[in-house]
Structure formats: C-alpha cells, structure tokens
Amino acid sequence: MANIMERQIEVFIDAFVKEVDSENAAIFAGAGLSVAAGFVNWRELLKPIAHELGLNIDQENDLITIAQYHLNERQNRSGLNHVLIEQFSKGHRASENHRVLARLPIKTYWTTNYDILIEDTLKSVGKIPDVKYAVDQLKHTKPRRDAVVYKMHGDIEHPDNAVLTKDDYEKYQSTRGAFVTALSGDLVSKTFLFIGFSFTDPNLDYILSRVRISLFDRPRQHYCIFKKCRRADSPDDESFRYAEIKQSLAINDLKRFGIQTLLVDDYGQITAILQTIENRFRQKTIFISGSAHEYGRWDQPAAESFIQNLSRSLVGNGYRIVSGFGLGVGSHVITGALQQIYEKQSEKLHDQLVLRPFPQGAEAQKQWESYRQDMIAYAGTAIFVFGNKTDKGTTIIANGVRREFEIAKEKGLKLIPVGATGFMAGELWAEISKNFDTYYPKSSGELQNAFGSLNELTKSPAEHIDAILKILEILKKI
C-alpha cells in the first residue's frame, strides 16, 4: 500500500509541476491550510456558539446548522461576528505551506477561509494579489496583479457578509452566484489542488456537480490530499474500520468529479510534497551571480560575449534566468536573454527573465540581503562568474558574490562556479572541488569531470558553456 501511495504522489508531482510551468495550476484552500498556521477549524470556531446553545460540538456534524440555530435564537449576527473577529483577527504567521505556494507562479487561488494569510503571504514574496471577496469586485482587475485570490465565503474584515449560516448557503446562488460562475470556469480550464479541504461544503458540491454534468461526465483532472485513517486516531477497532470504509467511499465518490485523492500518513508530508513541487519547478530556473570591474585573463569582448552567449544558451534550452544588475555582468546577462527571447518569439519576457536590480545608496544597501534572498529563492541552480569590484581604485574580490553563494547553499541550490573566470568564482570552484562529495553526494564521474573542466584555462568560452549545459542535464537526473 505504501509503495502505491508513493507512486501516486510521484506521478502527481510530475503532472502538477507541468501544470505550474504552463500556468494552468490553481489552489483551493480549505480550513486545514490555515489550521497549520494556528487558526482554529470550523468545529473549534463554533464550539463557544454550540456551548451557548446548550449543545456539545463534539456530538454535532452539521456545523452550518449550529450557526443557523444561534442566529435563530439571537435574531442577529453579533455573536457570530464576534467569534469570527476574535478568532481570525489574531496575528498568525503563515505556514511553510503558505510560503511555498506563494513562491510558485500560481495565479489562481480559491478559498472558503476568512483569514488573510494567502494574500499576505503573496505580498511577502513581492507579489501583487487581487483579492475578491464580494461580487462587485469580480468585474474589476487590479493593475499588475500576480495572482487572484477568490474568497468565496467572504473576508474577516467584513463579518456581516461572511457565508456562515444555512440562510447564507441557501441564498448563495442569488447573492453570490457570480462566484459560482467564476469557479465553474476555473474548474474547466485549470488543474486544481485541493488542500486542507474536507469536501463537506454544499456550495462546492453543487458547483462540482454542475461542471461534471456540463462536461458530460468527463471533467478535468484535479487532485486533493487526505490524511490516511490511522488506528491511533480512533478510540477502538470498530471506529477505525468505520472511518476506513467512509474514507474509501468518499475517495471513490470524488472520482466522479475528476478529483484524484492522494493519501499521506501525516500532515507534515503535505509540506514535503509542496517543497518537492517547488524544487522540481525551480530546477528550470538559473540564478546568475557575478560582478566584474575587470575580467582578469579574459579580454573584455570575449568576457562580455561569454556572458551573453551563456544567457542566450540557457534561455534557448528552456531555462529561466534570475539575475540582478551585477557590474559588468548583469547587463550582458539581460542582453543575451533578450536576444534569444525576441529571436524565438514564443516565450514571454517575464516568463524567461526575472530581474531584481539592487537599490543604490548607503541606506538602500541595508536592503541588499532581502533582495538576494528573494532572487535566489526563485532558482534551483546558481552559476557564478568572475566576482570582483573596485575599492579606492583597487580591484578586490566581491564579497557580495560570496554572500550569494552562501544563500544559494542554504536554500539547497545546485552550485556551478565557472573557475576559469577567476576571482571569487575561482575561489568557489576550488572550495567545491575539494569537497565535491559533500556538495554532490550522489554524483557520477561524468559530473565531476564536467565540473572539473570549468577551471581549465585552455578551454574556449563556448566550451565552458557546453560544459555548463552538460552539468545541468546531469543534475536533472540526480
């Protein structure tokens, strides 16, 4: 069973990475995603409401009805609103799952959650979220948005309009029907990963059924993640067997809607799955680090041509490039990438080239660390060239390139210093070469030979580019 689960997860990861790369991936976040960040689930949210009604929340399954009972008894929403504000206005921090999802180029998020963790996490990685929690917002487009966050049950800042009671659900089609239409369209055109979602929401059940019927029982493939029933989570053997049967039936039922269920032994595996997706996606993104007040043994035209052709070759082989504007390097990285992009005319500029120019000035330098962290987080591999700067008229080793090496190492990037370019890149090549098994513990002799050639001064710039491309191909298999 374990091997089957692992194989299904591996197949899912490969498929979902392709959807992310094609910008067809979407996330549907349920309460479970926010629970990992410290928020309460629905049962805990309504516990004080049930207690006030004289009910035991642990004996109730229809939680929407509990909220309705409270509204019926009090004839106003003030008590419900107080609970929402009290629980969801706390300063919780995003989970690692939030952070990984925010870093991925996912442009569509749907959620039934009221909290603001998704949009805040997107902002924290430099993205612009376009948040939709009211019908009127659906007709407006936020300029330069990077992702749309559809909060189909409302937002904590507007508790009066949150979808919470049976009344709210029964009126949903008439009051918030545009969300139904929008979600139906996304379910047809995008591949969803449902995370932290239990599929007990009547709105989503209706929408999934509507999409399935419209597609003549041939819905698009989607995925969800459930925690596998465990004996330790049940009070006795009979309860455990019952939970297993019910989970199996639910999994089979979701297949009607094109939703394949992935089972994990514990919720921590979800983070590992998301991190693997990010790492696989990042493998196609190369961070180029370097600066050059001078080019050492290389004459200027040869060095500039090398950087441009390296950048051009990377883009031509399907890689994305992330870079700052390192002196004597950054502008040539950009030139080479642009030449290939415009010649190919099949790729969008922002898909192939991510630029993070460093702010200048004494005060601005304090931000350089965060800029480096942000840039390098996008990539799976880092290439280092040259690495020098001028200080009072003297050329010295660039400590900024060393810092970028350390950050890339901390983030688990594959490290490729071109030793033949000298300066800091030469030092880094020597450092890795002396401890090659530490940096590449599963390496082959082929990888070590290709890496060693990067320090051969007799090789031409074109040969060094060929060696880099060969190393990248070998690394795909590790």
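## A walk through the fold

Residues 24 or more positions apart account for 72% of the contacts in the protein with a separation of 6 or more. Keep in mind that this is a predicted model. The protein has 478 residues, and buried ones make up 48% of them. The secondary structure comes to 22 helices and 14 strands, and the C-alpha trace spans about 85 × 50 × 40 Å along its principal axes.

**The seven-stranded sheet**

Let's start with an open sheet of 7 strands, laid out in the order E3-E4-E2-E1-E5-E6-E7 with parallel pairing. Its edges are strand E3 (129–132) and strand E7 (259–264), each of which pairs on one side only. On average, neighbouring strands in this sheet are turned by 20° against each other, direction ignored.

Zooming in on one pair, strand E5 (residues 191–195) and strand E6 (residues 222–227) run in the parallel sense and share 2 bridges. Within that pair, Leu 193 has Tyr 223 of E6 as its bridge partner.

Thr 112 sits in the loop between strand E2 (108–111) and helix H8 (117–124). Is Thr 112 buried or exposed? Its relative accessible area is 10%, under the 20% cut-off, so Thr 112 counts as buried. Setting aside neighbours within four places in sequence, Thr 112 is in contact with Phe 28, Ala 29, Gly 30, Met 152, His 153, Phe 197 and Asp 201.

Most residues other than glycine have a negative phi. You'll find Arg 144 in the loop between E3 and strand E4 (147–151).

As for accessibility, Glu 23 is partly exposed at 25% relative accessible area, while Arg 144 is exposed at 69%. Arg 144 gets that label because its 69% is over the 50% cut-off for exposed.

**A covered strand, E8**

How many of the residues of strand E8 (residues 285–291) are buried? The count is 7 of 7, so this strand is mostly covered under the 20% cut-off for buried. Both faces take part: Thr 285, Phe 287, Ser 289 and Ser 291 are buried on one side, and Ile 286, Ile 288 and Gly 290 on the other. E8 pairs with strand E9 (residues 320–323) in the parallel sense over 3 bridges. In that pairing, Phe 287 stands opposite Val 322 of E9.

**Helices, alone and in pairs**

Helix H15 (residues 330–344) is a handy one to check for length. With 15 residues, H15 reaches 21 Å from its first C-alpha to its last, close to the 21 Å expected at 1.5 Å a residue. The buried residues of H15 are Gly 330, His 332, Val 333, Ile 334, Gly 336, Ala 337, Gln 340 and Ile 341.

Two packed helices are described by the angle between their axes and the distance between the axes. For helix H18 (residues 399–410) and helix H19 (residues 423–434), the angle is about 35° and the axes are 9 Å apart. The crossing of H18 and H19 is right-handed. H18 brings Val 401, Arg 402 and Phe 405 to the contact, and H19 brings Met 424, Leu 428, Glu 431 and Ile 432. Sorted by class, the contact of H18 with H19 has 5 nonpolar residues, 2 charged ones and no polar ones.

His 70 belongs to helix H5 (residues 63–74), and is buried with a relative accessible area of 1%. Not counting residues up to four places away in sequence, His 70 touches Ile 49, Glu 52, Leu 53, Gly 79 and Leu 80. Ser 305 belongs to helix H14 (residues 300–316). Though 156 residues apart in sequence, Ser 305 and Pro 461 lie 8.3 Å apart in space, C-alpha to C-alpha.

Here are the accessibility values for the individual residues in one place:

| Residue | Relative accessible area | Class |
|---|---|---|
| His 70 | 1% | buried |
| Thr 112 | 10% | buried |
| Glu 23 | 25% | partly exposed |
| Ser 305 | 33% | partly exposed |
| Arg 144 | 69% | exposed |

Notes. Residues are numbered from 1 along each chain as its sequence is written. This is a predicted model: local features need pLDDT of at least 70, side-chain atom pairs count only at pLDDT 80 or more; totals for chains, interfaces and linings use all residues. Side-chain values use heavy atoms; hydrogens and water are left out. Helices (H or I, at least four residues) and strands (E, at least two) are DSSP runs, numbered from the N terminus. Buried means under 20% relative accessible area, exposed over 50%, partly exposed in between (1.4 Å probe, protein chains only). Two strands pair if DSSP finds at least two bridges between them. Axes are lines fitted to C-alpha atoms, for helices over the stretch in contact, and angles run from 0 to 180 degrees between N-to-C directions. A crossing is left-handed if the near helix is turned anticlockwise from the far one by less than a right angle, and right-handed if clockwise. Contact means heavy atoms within 4.5 Å. Ala, Val, Leu, Ile, Met, Phe, Trp, Tyr, Cys and Pro count as nonpolar, Asp, Glu, Lys and Arg as charged, and the others, Gly among them, as polar. The expected span of a helix is 1.5 Å times one less than its number of residues.
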